[in-house]
Amino acid sequence: MKRKLFRNIVIATDGSKNVQRAISHGIEFAKLSGAIVHALYVVNTPSTISENWTAGKETIYNIMKNDGKKAVSKIKEIGEASGVEVREVLLEGYPSNEIIDFVENNNIDLIVMGSLGATGLERFLIGSVAETVVRGSKVPVLVVRSEKQS
């Protein structure tokens, strides 16, 4: 029997291996609750492609967009194999802002995302999309730490 605890779940991905455990958890929550998954990837254009940078700008943008398409397609493939409906969402902008805006405008009940578990100087230097989403979200956020790489 499926429970309707969650109706719409966002699985935010950056396409890396670090998000694999988050995808598994998100799909499982969706399967148990009968939710629709929104596989979300944000092409991080503001920080990656400067306004003043013209050489190769379009090529880099296309590479990032194709990476995003592959990432959400992979979630769709995994979801459908588990009997979960998955909708692919590709956005552009600052990842944390776009995730929060999408959630607020699409009746999302839960956000699932991965984290490297960076601490100290590493976290200070690269920032944390997951941390920003947790702080700014009005809905629950499940942050799944990636397995330690040896």
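How exposed is K74, buried, partly exposed or exposed? K74 is partly exposed, with a relative accessible area of 40%, where buried stands for under 20% relative accessible area, exposed for over 50%, and partly exposed for what lies in between (1.4 Å probe, protein chains only).

The model is a predicted one, in which local features need pLDDT of at least 70 and side-chain atom pairs count only at pLDDT 80 or more, while totals for chains, interfaces and linings use all residues. Residues are numbered from 1 along each chain as its sequence is written, and side-chain values use heavy atoms, with hydrogens and water left out.

K74 takes part in a salt bridge, that is, a side-chain nitrogen of Lys or Arg within 4 Å of a carboxyl oxygen of Asp or Glu; its partner is E77, and the closest N and O atoms are 3.5 Å apart. Both residues belong to helix 3 (residues 57–81), where they are 3 residues apart, about one turn of the helix; helices (H or I, at least four residues) and strands (E, at least two) are DSSP runs numbered from the N terminus.

The count of salt bridges comes to 7. Among them, E85 and R87 meet at 3.1 Å, N to O, with E85 partly exposed at 42% relative accessibility and R87 partly exposed at 39%.

K138 and E104 also form a salt bridge, at 3.9 Å, N to O. K138 lies in the loop between helix 6 (129–136) and strand 5 (141–145) and E104 in helix 4 (residues 95–105), so this pair ties together parts that are 34 residues apart in sequence. K138 is exposed at 73% relative accessibility, whereas E104 is partly exposed at 40%. Finally, a network of salt bridges links K76, E80 and E88.
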